[in-house]
Amino acid sequence: MEFKVRPATQDDAPGAVAAVKAVYEEYGFTWEEGGYHADLYNLADFYLSQGHRFAVAEGTAGILGTVALEFFPPLPGSVGSLIDFGGKVRLGGCDCALNRLYVHPAARRLGIGRALTAYVLGAARLEGRHAMEIWSDKRFVAAHELYARFGAVQVGERICDDPDVSPEWGLVCAL
(Lines give C-alpha, C1' and ligand atoms only; values in the text may rest on other atoms or scores of the structure.)
Protein backbone atom coordinates (compact mmCIF):
# COMPACT_ATOMS: atom_id res chain seq x y z
CA MET A 1 0.00 0.00 0.00
CA GLU A 2 1.46 3.33 -1.03
CA PHE A 3 1.11 6.48 1.03
CA LYS A 4 2.44 10.00 1.28
CA VAL A 5 3.07 12.15 4.33
CA ARG A 6 1.87 15.72 4.03
CA PRO A 7 0.84 18.67 6.18
CA ALA A 8 -2.78 18.39 7.26
CA THR A 9 -5.56 20.88 6.67
CA GLN A 10 -8.78 21.28 8.61
CA ASP A 11 -10.45 19.19 5.91
CA ASP A 12 -8.38 16.22 7.11
CA ALA A 13 -9.98 16.25 10.56
CA PRO A 14 -12.61 13.54 9.87
CA GLY A 15 -9.96 11.19 8.47
CA ALA A 16 -7.60 11.91 11.36
CA VAL A 17 -10.39 11.23 13.84
CA ALA A 18 -11.21 7.93 12.12
CA ALA A 19 -7.57 6.75 12.12
CA VAL A 20 -6.95 7.62 15.77
CA LYS A 21 -10.34 6.32 16.87
CA ALA A 22 -9.57 2.94 15.25
CA VAL A 23 -6.51 2.62 17.50
CA TYR A 24 -8.56 3.61 20.55
CA GLU A 25 -11.14 0.97 19.70
CA GLU A 26 -8.39 -1.63 19.19
CA TYR A 27 -7.03 -0.98 22.70
CA GLY A 28 -10.37 -0.42 24.40
CA PHE A 29 -9.56 3.20 25.31
CA THR A 30 -12.26 5.74 26.10
CA TRP A 31 -13.04 8.25 23.34
CA GLU A 32 -13.83 11.78 24.50
CA GLU A 33 -14.87 13.94 21.54
CA GLY A 34 -15.50 17.12 23.53
CA GLY A 35 -12.51 16.73 25.85
CA TYR A 36 -9.27 14.83 25.39
CA HIS A 37 -9.79 14.36 21.64
CA ALA A 38 -11.26 17.78 20.79
CA ASP A 39 -8.01 18.78 19.05
CA LEU A 40 -8.53 16.14 16.37
CA TYR A 41 -11.87 17.66 15.39
CA ASN A 42 -10.41 21.17 15.13
CA LEU A 43 -6.89 20.91 13.70
CA ALA A 44 -6.96 24.55 12.61
CA ASP A 45 -7.44 26.02 16.08
CA PHE A 46 -5.39 23.52 18.08
CA TYR A 47 -2.41 23.20 15.74
CA LEU A 48 -2.30 25.05 12.44
CA SER A 49 -3.19 28.58 13.60
CA GLN A 50 -0.92 28.20 16.65
CA GLY A 51 2.23 27.60 14.58
CA HIS A 52 2.36 23.89 15.44
CA ARG A 53 2.38 21.13 12.85
CA PHE A 54 -0.06 18.34 12.15
CA ALA A 55 0.66 15.84 9.40
CA VAL A 56 -1.12 12.86 7.95
CA ALA A 57 -0.09 9.80 6.02
CA GLU A 58 -2.54 9.40 3.19
CA GLY A 59 -3.14 6.47 0.89
CA THR A 60 -5.84 5.50 -1.56
CA ALA A 61 -8.01 4.39 1.39
CA GLY A 62 -7.74 7.85 3.01
CA ILE A 63 -5.90 8.94 6.16
CA LEU A 64 -3.78 6.05 7.45
CA GLY A 65 -1.85 7.81 10.21
CA THR A 66 -1.36 11.07 12.07
CA VAL A 67 1.29 12.99 13.96
CA ALA A 68 1.47 16.39 15.65
CA LEU A 69 4.44 18.58 16.53
CA GLU A 70 3.99 21.17 19.25
CA PHE A 71 6.47 24.02 19.72
CA PHE A 72 7.07 25.86 23.00
CA PRO A 73 9.84 27.72 24.85
CA PRO A 74 12.38 25.40 26.51
CA LEU A 75 10.96 23.84 29.66
CA PRO A 76 12.95 24.50 32.84
CA GLY A 77 15.46 21.93 34.05
CA SER A 78 18.08 19.79 32.39
CA VAL A 79 17.18 17.90 29.22
CA GLY A 80 15.11 14.85 30.05
CA SER A 81 14.67 15.57 33.75
CA LEU A 82 11.18 14.99 35.15
CA ILE A 83 9.63 18.28 36.22
CA ASP A 84 6.26 19.54 37.40
CA PHE A 85 5.19 22.18 34.91
CA GLY A 86 1.73 23.64 35.21
CA GLY A 87 0.63 20.74 37.43
CA LYS A 88 1.69 18.14 34.88
CA VAL A 89 4.77 15.91 34.70
CA ARG A 90 6.90 17.06 31.76
CA LEU A 91 10.46 16.60 30.49
CA GLY A 92 12.80 19.46 31.33
CA GLY A 93 14.89 21.18 28.68
CA CYS A 94 12.58 20.16 25.83
CA ASP A 95 11.36 22.80 23.38
CA CYS A 96 8.95 20.72 21.31
CA ALA A 97 6.82 17.59 21.59
CA LEU A 98 5.74 14.77 19.33
CA ASN A 99 2.04 14.11 19.87
CA ARG A 100 -0.79 12.10 18.31
CA LEU A 101 1.35 9.56 16.45
CA TYR A 102 -1.17 6.91 15.46
CA VAL A 103 -1.29 4.45 12.59
CA HIS A 104 -4.56 2.78 11.66
CA PRO A 105 -4.40 -0.92 12.65
CA ALA A 106 -5.05 -2.00 9.03
CA ALA A 107 -2.08 0.04 7.80
CA ARG A 108 0.67 -1.08 10.15
CA ARG A 109 4.07 -2.49 9.14
CA LEU A 110 4.17 -0.34 6.00
CA GLY A 111 6.63 2.28 7.29
CA ILE A 112 3.96 4.85 8.09
CA GLY A 113 5.00 5.35 11.71
CA ARG A 114 8.64 5.68 10.64
CA ALA A 115 7.75 8.21 7.92
CA LEU A 116 5.60 10.30 10.26
CA THR A 117 8.29 10.31 12.94
CA ALA A 118 10.96 11.31 10.42
CA TYR A 119 8.69 14.10 9.17
CA VAL A 120 8.24 15.55 12.65
CA LEU A 121 11.92 15.28 13.55
CA GLY A 122 12.86 17.03 10.31
CA ALA A 123 10.35 19.80 10.91
CA ALA A 124 11.62 20.32 14.47
CA ARG A 125 15.23 20.51 13.26
CA LEU A 126 14.27 23.02 10.55
CA GLU A 127 12.76 25.20 13.28
CA GLY A 128 16.03 25.05 15.26
CA ARG A 129 14.64 22.96 18.11
CA HIS A 130 17.01 21.04 20.39
CA ALA A 131 15.13 18.41 22.39
CA MET A 132 11.80 16.67 21.76
CA GLU A 133 9.47 15.42 24.48
CA ILE A 134 7.51 12.24 23.72
CA TRP A 135 4.92 10.65 26.01
CA SER A 136 3.53 7.29 24.98
CA ASP A 137 1.12 4.81 26.53
CA LYS A 138 3.10 1.95 28.08
CA ARG A 139 1.19 -0.56 25.94
CA PHE A 140 2.52 0.92 22.68
CA VAL A 141 5.69 -1.18 22.69
CA ALA A 142 6.20 -0.98 18.91
CA ALA A 143 6.08 2.82 19.10
CA HIS A 144 8.72 2.86 21.84
CA GLU A 145 10.97 0.68 19.67
CA LEU A 146 10.39 3.06 16.74
CA TYR A 147 11.29 6.11 18.83
CA ALA A 148 14.45 4.37 20.06
CA ARG A 149 15.55 3.79 16.45
CA PHE A 150 15.42 7.58 16.05
CA GLY A 151 17.54 8.10 19.16
CA ALA A 152 14.83 8.67 21.78
CA VAL A 153 15.70 7.55 25.29
CA GLN A 154 13.18 6.56 27.93
CA VAL A 155 13.68 8.80 30.97
CA GLY A 156 10.58 8.54 33.15
CA GLU A 157 6.90 7.84 33.53
CA ARG A 158 3.66 9.57 34.45
CA ILE A 159 -0.09 9.06 34.48
CA CYS A 160 -1.75 10.68 31.48
CA ASP A 161 -4.63 13.12 31.88
CA ASP A 162 -6.70 11.12 29.38
CA PRO A 163 -10.09 9.65 30.39
CA ASP A 164 -8.45 6.28 31.19
CA VAL A 165 -5.65 7.78 33.34
CA SER A 166 -3.22 5.67 31.32
CA PRO A 167 0.38 5.08 32.43
CA GLU A 168 2.90 6.54 29.98
CA TRP A 169 6.61 6.37 29.33
CA GLY A 170 8.41 9.66 28.79
CA LEU A 171 11.12 9.72 26.16
CA VAL A 172 13.47 12.48 25.08
CA CYS A 173 15.00 12.79 21.65
CA ALA A 174 17.98 15.08 21.03
CA LEU A 175 17.63 16.99 17.80
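Arg109 sits in the loop between β6 and α4. Helices (H or I, at least four residues) and strands (E, at least two) are DSSP runs, numbered from the N terminus. The phi angle of Arg109 is near 65°, a positive value in a residue other than glycine. Arg109 is exposed, at 80% relative accessibility. Here, buried means under 20% relative accessible area, exposed over 50%, and partly exposed in between (1.4 Å probe, protein chains only).

The model is predicted: local features need pLDDT of at least 70, side-chain atom pairs count only at pLDDT 80 or more, and totals for chains, interfaces and linings use all residues. Residues are numbered from 1 along each chain as its sequence is written, and side-chain values use heavy atoms, with hydrogens and water left out.

A positive phi is also found at Val165, about 40°, although Val165 is not a glycine. Val165 lies in the loop between β8 (153-159) and β9 (167-174). Its relative accessibility is 52%, so Val165 counts as exposed.

The protein chain holds five helices and nine strands. Along the sequence they follow the pattern β-α-α-α-β-β-β-β-β-α-β-α-β-β. The radius of gyration, taken over C-alpha atoms, is compared with a globule rule of 2.2 Å times the number of residues to the power 0.38. For the protein chain the radius is 15 Å, close to the 16 Å that the rule gives for 175 residues, so the chain is as compact as a globular protein of that length. Its C-alpha atoms fill a box of roughly 45 × 35 × 30 Å, taken along the principal axes. Buried residues account for 48% of the 175 residues. A contact means heavy atoms within 4.5 Å. Among contacts between residues at least 6 apart in sequence, 63% join residues at least 24 apart.

Thr9 is found in the loop between β1 (3-7) and α1. Thr9 is partly exposed, with a relative accessibility of 38%. Leaving aside residues up to four places away in sequence, Thr9 touches Leu43 and Leu48. Thr9 and Arg139 are 130 residues apart in sequence, and their C-alpha atoms are 30 Å apart in space.

The largest pocket has a volume of about 1,300 Å³. Its lining has 49 residues, and those closest to the pocket centre are Asn99, Arg100, Leu101, Tyr102 and Trp135. On a 1 Å grid over the protein atoms alone, a pocket is an open set of points where a 1.4 Å probe fits, with protein on both sides within 12 Å along at least five of seven lines; lining residues have an atom within 4 Å of a point. Grid points are joined across faces, edges and corners, and a volume is the space filled by probe spheres set on the points. Several elements each supply at least two lining residues, among them α1 (13-27), β6 (96-103), α4 (112-126) and β7 (131-137). The lining divides into 25 nonpolar, seven polar and 17 charged residues. Nonpolar covers Ala, Val, Leu, Ile, Met, Phe, Trp, Tyr, Cys and Pro; charged covers Asp, Glu, Lys and Arg; the others, Gly among them, are polar.

A disulfide is a pair of cysteine sulfur atoms within 2.5 Å. By this rule the count is zero. The cysteine sulfur closest to that of Cys94 belongs to Cys96, 7.2 Å away, which is too far for a bond. Cys94 is buried, at 0% relative accessibility. Cys96 is buried, with a relative accessible area of 0%.
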